[in-house]
Amino acid sequence: MTALRYSFSQIEAFATIAETGSVSKAALLLGKDRTTVRDLLDYLEDALGYTLFLREGRRLLLNEKGQQLHRQAHLFLRQAQAFESYARALPVAVEQELVLVYDPFVPHAFLHAVIEYMAEKNIRFNAWSATREEAEAALKNGTAHVAICQAQHRTLGNEMEWQALGTIELNFFAARTLFRDQPRPVTLLNLSLIPQLVMHPHHDEQISRRLQISGKSLFVNDRAILQHLLESGAGWGFLPMHFQAQQWRNVQLLPTEVGNQGLNVTLVTLWNPGGNKHAIAEAFIASLPELWSRIYSSSRSLAAR
């Protein structure tokens with residue numbers, strides 16, 4: 001069987017004539033010349049091999065076959081309209097999406113504020129936790145728009161743009177039974193002999209240099225698993241105070257010989273100065289200091305990179 005050859009314009013002309021009963025009225029609605037609309041109908045009928053209308057005076061009425069095809073034409077046009085609406089919305093949808101990569105130390109309360117901001121702006125929000133190295137790679141290859149990472153105190157050059165976000169306080173936590181027989185404050189030597197729970201997905205040189213004390217480390221990127229390991233006495237942790245680990249079962253703040261003054265890390269916002277920074281990302285980056293201040297208004301730091 002030879003396939004029918006017809007166009008969207010022919011189906012549109014047929015449906016409009018059926019609904020108006022007149023070629024002239026259909027031409028007016030479609031914004032086309034009367035002859036053009038008449039030709040479109042003629043071409044369709046020639047392709048089908050049968051007529052679709054009966055003439056009653058000046059009015060065109062659908063014959064039996066025309067009535068059956070009109071229902072299908074109506075559905076076809078509605079689907080075409082849905083396709084057009086979807087196609088037109090695609091550029092907007094792309095602009096209304098933002099991908100954030102964040103360090104595991106970023107406070108959940110802050111991330112909750114970010115989620116609420118995105119919901120208010122009707123922005124589709126994707127977020128995932130990663131190391132600094134993974135975050136920078138995601139920014140460079142365009143799979144992320146913004147990253148929130150621990151500062152590394154190194155020159156970024158032209159590779160990345162950045163702004164300081166704030167600082168988070170750290171302290172030592174352990175199960176009450178883990179250092180039970182050790183004098184207080186616990187020495188760094190005693191800490192180094194017990195496995196340390198590191199809240200990152202895997203070994204990271206920069207993280208190790210600043211946060212890793214024990215040579216025996218257990219890397220974990222899930223806070224619930226970290227909590228269970230800490231509660232079970234599998235190791236101790238040098239963790240953010242906002243984790244509130246001292247409220248976990250059988251876990252306490254651990255006094256150490258280094259004290260608890262100045263134990264903090266700075267978080268910075270990073271983004272690629274290249275082509276993937278769009279208006280949504282710019283507005284989001286500008287909003288981050290205010291969102292942070294809602295959670296840590298007294299701990300913002302402006303002195304790191």
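**View 1. Asn 122 is exposed, with a relative accessible area of 66%.** Here, buried means under 20% relative accessible area, exposed means over 50%, and partly exposed is anything in between, using a 1.4 Å probe and protein chains only. What you're looking at is a predicted model, where local features need pLDDT of at least 70, side-chain atom pairs count only at pLDDT 80 or more, and totals for chains, interfaces and linings use all residues. Residues are numbered from 1 along each chain as its sequence is written, and side-chain values use heavy atoms, with hydrogens and water left out. Asn 122 belongs to the loop between α5 and β4. Its phi is near 60 degrees, a positive value in a residue other than glycine.

**View 2. Stepping back, the protein has ten helices and eleven strands.** Helices (H or I, at least four residues) and strands (E, at least two) are DSSP runs, numbered from the N terminus. Of the 305 residues in the protein, 43% are buried. Take the contacts (heavy atoms within 4.5 Å) between residues at least 6 apart in sequence: 71% of them join residues at least 24 apart.

**View 3. Helix α5 (residues 108–120) has 13 residues, and its end C-alpha atoms are 18 Å apart.** That agrees with the 18 Å you'd expect at 1.5 Å a residue; the expected span is 1.5 Å times one less than the number of residues. Which residues of α5 are buried? They are Phe 110, Leu 111, Ala 113, Val 114, Tyr 117 and Met 118. Looking down the axis of α5, these buried residues fall within an arc of 155 degrees, so they line one face of the helix. The arc is that of the directions from the helix axis to the C-beta atoms. Ala 119 and Glu 120, on the other side of α5, are exposed. The packing partners of the buried residues are β3 (97–102), β4 (124–129), β5 (146–150), β6 (161–175) and α10 (279–296).

**View 4. Helix α6 (residues 132–141) has a buried side too, made of Arg 132, Ala 135, Glu 136, Ala 138 and Leu 139.** They sit on the same side of α6 because they cover an arc of only 160 degrees around the axis. Turned away from that buried side, the opposite face carries Glu 133 and Asn 141, both exposed. What covers the buried residues of α6? The cover includes β3, β4, β5 and β11. Just after α6 comes Gly 142, with a positive phi of about 85 degrees.

**View 5. Helices α1 and α3 cross at roughly 105 degrees, with axes coming within 8 Å.** That makes α1 roughly perpendicular to α3. (Axes are lines fitted to C-alpha atoms, for helices over the stretch in contact, and angles run from 0 to 180 degrees between N-to-C directions; under 35 degrees counts as roughly parallel, over 145 as roughly antiparallel, 65 to 115 as roughly perpendicular and the rest as oblique.) On the α1 side, the contact uses Ser 9, Gln 10, Ile 11, Ala 13, Phe 14 and Ile 17, while α3 brings Val 37, Leu 40, Leu 41, Tyr 43 and Leu 44. By type, that's nine nonpolar, two polar and no charged residues. (Ala, Val, Leu, Ile, Met, Phe, Trp, Tyr, Cys and Pro count as nonpolar, Asp, Glu, Lys and Arg as charged, and the others, Gly among them, as polar.)

**View 6. Zooming in on α1 (residues 8–20), we find Gln 10.** Is Gln 10 buried or exposed? Gln 10 is buried, with a relative accessible area of 9%. Leaving out residues up to four places away in sequence, Gln 10 touches Arg 5, Leu 40, Tyr 43 and Leu 44.

**View 7. Helix α2 (residues 23–30) packs on helix α3 (residues 34–48) at an angle of about 110 degrees, with their axes 8 Å apart.** That puts α2 roughly perpendicular to α3. Val 23, Ser 24, Ala 26, Ala 27 and Leu 30 of α2 meet Arg 34, Val 37 and Arg 38 of α3.

View 8. The peptide bond from Arg 184 to Pro 185 is cis, with omega near 0 degrees, and Pro 185 lies in the loop between β6 and α7 (188–192). Gln 244, in the loop between β9 (236–240) and β10, has phi near 55 degrees, a positive value in a residue other than glycine. Gln 244 is partly exposed, at 40% relative accessible area.
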